[in-house]
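Work through the exercises below with the sequence and the coordinates open. Each task is followed by a solution in steps.

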Amino acid sequence: MKSTFAALAAVLGAATTHAADAPDPARFAPCVAGLKADAAARGISGPSYDRLTASLAPDLKVLDFLDYQPEFRTPIWDYLSGLVDDERVADGRAMQKQWAEVLANVSARYKVDPATVVAVWGVESNFGRNFGARPLLTSLSTLSCYGRRQAYFRGEFFDALKIVDAGDVKAEQLVGSWAGAFGHTQFMPSTFLRLAVDYDGDGRRDLVGSIPDALASTANFLRKAGWREGEPWGYEVRLPAGFDASSAGRKNRQALASWAARGVTRVDGSPLSGPDSAGLLLPAGPKGPAFIVFRNFDVIFGYNAAESYALAIAHLADRLKGSGAFATPWPTDDPGLSRAERRELQTLLIAKGYAIGTVDGMLGDASRAAIRSEQQRLGHNVDGRAGQKLLAALRKP
């Protein structure tokens with residue numbers, strides 16, 4: 001995700017509306033032609049620009065995604081249940097074993113532990129199974145000509161052209177998210193140019209076709225962002241009854257002794273100790289899981305500026321190291337579903353006659369429409385959300 005997606009969130013987060021003018025497809029070709037001079041100023045030759053943009057057509061659907069980021073809209077228990085489940089932990093451990101030699105070398109070179117690198121890989125692309133399907137040059141040229149933050153996306157568009165022109169990744173392989181992130185660990189083009197590395201020594205920095213390049217580049221990103229070798233990202237803690245949460249927050253750092261004096265302990269009841277200062281993260285408020293977070297959590301946050309995202313990476317890394325689920329339950333009576341449970345839910349919906357397409361654990365519009373229909377039939381709250389209550393109801397004969 002990544003100028004990263006951190007940079008994307010920073011430039012997009014404050015705005016809430018699209019450009020006043022309605023998107024007119026006829027404006028696209030003149031707009032792209034008009035960007036040629038700016039591309040030349042960024043080092044892209046005229047012939048290269050003409051060759052790489054000749055067949056581009058707008059994809060106006062990407063404009064619908066500008067205001068939607070699931071990290072900020074999805075309940076934290078739903079978000080994490082789909083990203084950190086037993087299936088992903090098992091896959092991650094298999095990847096650690098398969099790529100052990102590369103990961104050991106990468107860890108020695110960049111001073112980032114293998115589990116964290118693999119956790120980024122798992123969350124970003126499900127270990128290379130889901131790069132995204134949108135051609136980057138199409139998406140980024142569209143976003144350069146329509147909607148909000150065109151200047152930002154033009155920079156990413158020009159950088160994507162540089163990547164193709166340099167021969168690192170072919171244009172047809174440069175597919176990814178609607179916003180321009182691509183490859184095994186979803187770098188934005190600008191981040192690629194700054195931080196991608198050619199680990200395998202083939203003369204190309206290839207985050208699409210080379211897993212070693214992707215793993216090394218991810219470790220390089222984290223190192224350059226300030227990763228501290230051997231230090232934890234944080235850990236789960238327990239709050240005392242009646243805890244005043246007004247001073248909580250990732251950025252509101254206090255000495256561990258200060259948190260301890262207020263009754264905060266490790267989740268097993270042992271005291272907090274150490275000289276470091278830390279923030280107190282309460283992603284679901286004081287009644288849900290609570291976490292002391294250190295500098296390395298901020299580094300993960302820098303990969304994609306959302307605390308829920310950073311917590312997913314951190315938690316998956318811990319699970320890959322052998323830790324279990326959080327000790328404190330989420331403050332909901334209807335927890336989220338793992339990907340296996342989502343596939344089971346889709347199978348049950350199909351058995352009831354709903355045409356929802358492929359059983360893949362990804363709940364798209366058709367699945368959510370079927371969910372709403374079943375919620376209405378069952379007398380549940382009709383919101384299209386898939387939770388444990390609905391799954392339990394559909395399991396009944």
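The exercises below concern a predicted model.

**Exercise 1. Determine how many disulfides the chain has, and describe the geometry and location of what you find.**

Step 1. The criterion is a pair of cysteine sulfur atoms within 2.5 Å. The sulfur atoms of Cys 31 and Cys 145 are 2.0 Å apart, and these residues form a disulfide. The count by this rule is 1 disulfide.

Step 2. About the S-S bond of Cys 31 and Cys 145 the torsion is about -95°, so the disulfide is left-handed.

Step 3. Cys 31 belongs to helix H2 (residues 28-34) and Cys 145 to helix H10 (residues 136-145), so the pair ties together parts that are 114 residues apart in sequence.

Step 4. Both Cys 31 and Cys 145 are buried.

**Exercise 2. Work out how many residues of H10 are buried, what they pack against, and what follows the helix.**

Step 1. Buried means under 20% relative accessible area. By this cut-off 10 of the 10 residues of H10 are buried, and the helix is mostly covered. Among them are Leu 136, Leu 140, Leu 143 and Cys 145.

Step 2. The packing partners of the buried H10 residues are H2, helix H4 (46-53), strand E1 (134-135), helix H11 (150-165), E2 and H12.

Step 3. Gly 147 follows H10 and has a positive phi, near 75°.

**Exercise 3. Decide how compact the chain is for its length, and describe its contacts, surface and charges.**

Step 1. The chain has 19 helices and 7 strands. Its radius of gyration is 23 Å, close to the 21 Å that the globule rule gives for 397 residues, so the chain is as compact as a globular protein of that length. The C-alpha trace spans about 65 × 55 × 45 Å along its principal axes.

Step 2. Of the 397 residues, 52% are buried. Among contacts with a separation of 6 or more, 69% join residues 24 or more positions apart.

Step 3. The chain exposes about 17,200 Å², with 52% of that area supplied by carbon and sulfur atoms.

Step 4. There are 46 positive and 43 negative charges, and their mean positions are 2 Å apart.

Terms used
Residues numbered from 1 in each chain as written. Predicted model: local features only at pLDDT ≥ 70, side-chain atom pairs only at ≥ 80, totals over all residues. Heavy atoms only, no water. Helix = DSSP H or I, 4+ residues; strand = E, 2+ residues; numbered from the N terminus. Buried < 20%, exposed > 50% of the residue type's maximum accessible area, 1.4 Å probe, protein only. Rg over C-alpha atoms; globule rule 2.2 N^0.38 Å. Contact = heavy atoms within 4.5 Å. Areas by Shrake-Rupley, 256 points an atom, 1.4 Å probe, with all protein chains shown as cover. Lys, Arg positive; Asp, Glu negative; His and termini not counted. Charge placed at Lys NZ, Arg CZ, Asp CG, Glu CD.
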